[in-house]
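Hi everyone, thanks for coming.

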Amino acid sequence: MNLDLHGKTALVTGGSRGIGRAIVERLLEAGAGVAFCGRDGESLSRTLDELRRRFAEETLKILARAADVRSEASVRELFEWIDLELGGPDILVNNAGVGVFRDVAALSPEEWSDVIETNLGGVYRCSHHAIPRMRARGGGWIINIGSLAGRNAFAGGAAYNASKFGLVGMSEAMMLDHRHEGIRVACILPGSVNTGFGHGQQADWKMAPEDVAEAVAAVLAMPERTLVSLVEMRPSRPPRR
Ligand SMILES: NC(=O)c1ccc[n+]([C@@H]2O[C@H](COP(=O)([O-])OP(=O)(O)OC[C@H]3O[C@@H](n4cnc5c(N)ncnc54)[C@H](OP(=O)(O)O)[C@@H]3O)[C@@H](O)[C@H]2O)c1
């Protein structure tokens with residue numbers, strides 16, 4: 001996919017590993033300046049060092065900062081830091097997410113709140129701070145990483161399904177609200193991806209994080225007149241049930 005993002009800036013939440021990290025790398029390959037966040041400072045520094053080594057030849061800005069998308073104060077500080085260090089962002093990828101898989105009776109109030117406040121509240125908070133900045137720059141992109149769990153419920157998925165079903169609706173409303181001001185909102189719904197997400201098992205039949213990153217690139221590469229607002233993607237050959 002031919003994508004040129006030179007001169008553009010991006011923020012990827014949950015960029016220290018998994019799908020978020022692959023998206024950070026793909027945006028850097030396209031020439032964007034990229035900031036990413038996560039809660040754990042150590043894994044952020046490790047990823048930042050690796051990426052700075054890999055992209056040492058380029059004059060790209062690669063930045064990372066610890067931030068918790070569940071916290072309004074933390075997200076506000078993250079955006080103030082981006083204003084100073086990077087400017088923008090032109091592109092926000094709301095990727096940070098967690099999964100706790102238990103029925104409602106077994107889910108603690110803290111677990112419920114963790115899933116909803118990260119996967120749904122975090123998207124609200126980051127978008128709330130990004131949209132005025134994008135307006136001031138004349139437009140932008142918000143790409144939300146949803147899940148096929150936002151289409152199909154499964155046993156044990158009460159909190160996760162609620163967060164991702166909610167995200168599909170929220171993304172569509174955001175798309176309708178902001179497209180006339182040049183802010184394009186898309187939601188990507190992957191099936192199983194080979195990451196450590198939710199303590200899931202790694203398996204060869206799953207999609208690679210880079211495949212989701214390529215879908216992000218494909219959405220961003222569309223001509224300005226066209227908005228791909230919803231993408232479903234799934235492994236071609238999952239095990240038969
Ligand atoms: N893997 C799959 O099969 C799959 C399928 C469909 C959709 N997805 C979605 O894809 C996204 C990424 O999943 P993944 O598989 O890459 O997961 P992952 O490997 O567990 O990575 C999650 C990332 O989010 C960060 N994060 C978690 N909570 C955060 C918070 N409160 N504030 C800031 N950052 C936070 C993590 O860093 P810290 O832990 O340091 O905060 C990490 O960088 C999620 O939204 C997930 O729902 C995954």
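Predicted model: local features only at pLDDT ≥ 70, side-chain atom pairs only at ≥ 80, totals over all residues.

You will find R137 in helix 4, which covers residues 109-137.

Now, who are the partners of R137? If we leave aside the neighbours within four places in sequence, R137 is in contact with G88 and D90. There is also G87, which is 50 residues away from R137 in sequence, with a C-alpha to C-alpha separation of 9.9 Å.

Stay on that stretch for a moment. G88 and P89 are joined by a cis peptide bond, with omega at about 5°. As for P89, look in the loop between helix 3, residues 72-85, and strand 4, residues 91-94.

Strand 4 brings us to I91, which is found there. I91 has 25 other C-beta atoms within 10 Å, so this residue is buried. Leaving aside residues within four places in sequence, the contacts of I91 are K8, A10, A32, G140 and W141. Compare that with E111: I91 and E111 are 20 residues apart in sequence, and their C-alpha atoms are 30 Å apart in space.

Now let's go to the helices. When two helices pack, we describe them by the angle between their axes and the distance between the axes. So here is one for you: at what angle do helix 4 and helix 5 pack? The angle is about 15°, and the axes are 9 Å apart, with helix 5 covering residues 158-178. That makes helix 4 roughly parallel to helix 5, because angles under 35 degrees count that way. The crossing of these two helices is right-handed.

Which residues do the meeting? On the helix 4 side we have E111, W112, V115, I116, N119, L120, V123, S127 and I131. On the helix 5 side, they meet A159, Y160, A162, S163, K164, G166, L167, M170, M174 and H178. Sorted by class, this contact has twelve nonpolar, five polar and two charged residues.

Let me pick one of those out, W112, which sits in helix 4. W112 has 17 other C-beta atoms within 10 Å, so W112 is partly exposed. Beyond the neighbours within four places in sequence, W112 is in contact with L107 and A159. The C-alpha atoms of W112 and A159 are separated by 5.9 Å, and the two residues are 47 residues apart along the chain.

Helix 4 has another partner, helix 3. Their axes come within 10 Å and cross at roughly 35°. Helix 3 passes helix 4 in a right-handed crossing. Helix 3 contributes E72, V75, R76 and F79 to this contact, while helix 4 contributes R125, C126 and H129. By class, that gives three nonpolar, one polar and three charged residues.

Next pair: helix 1 and helix 6, where helix 6 is residues 209-220. The axes come within 8 Å and cross at roughly 50°, which means helix 1 is oblique to helix 6. Helix 1 passes helix 6 in a right-handed crossing. From helix 1, the residues involved are G18, I19, R21, A22, I23, E25 and R26. They meet P209, E210, V212, A213, E214, V216 and A217 in helix 6. The classes here are eight nonpolar, one polar and five charged residues.

While we are in helix 1, have a look at E29, which has its place there. With 16 other C-beta atoms within 10 Å, E29 is partly exposed. E29 and P239 are 210 residues apart in sequence, and their C-alpha atoms are 33 Å apart.

Finally, the ligand. How many residues surround the ligand? There are 28, and the closest are G14, G18, R39, G97 and F197. The largest share, three residues, comes from helix 1. By class, the shell has nine nonpolar, 14 polar and five charged residues.

Notes
Residues numbered from 1 in each chain as written. Near = placed C-beta within 6 Å. Helix = DSSP H or I, 4+ residues; strand = E, 2+ residues; numbered from the N terminus. Nonpolar A, V, L, I, M, F, W, Y, C, P; charged D, E, K, R; others polar. Contact = placed C-beta atoms within 7 Å. Axes fitted to C-alpha atoms, helices over the stretch in contact; angles between N-to-C directions. Parallel < 35°, antiparallel > 145°, perpendicular 65-115°, else oblique. Left-handed = near helix turned anticlockwise from the far one by under 90°. Buried ≥ 20, exposed ≤ 12 C-beta atoms within 10 Å, placed from the backbone.
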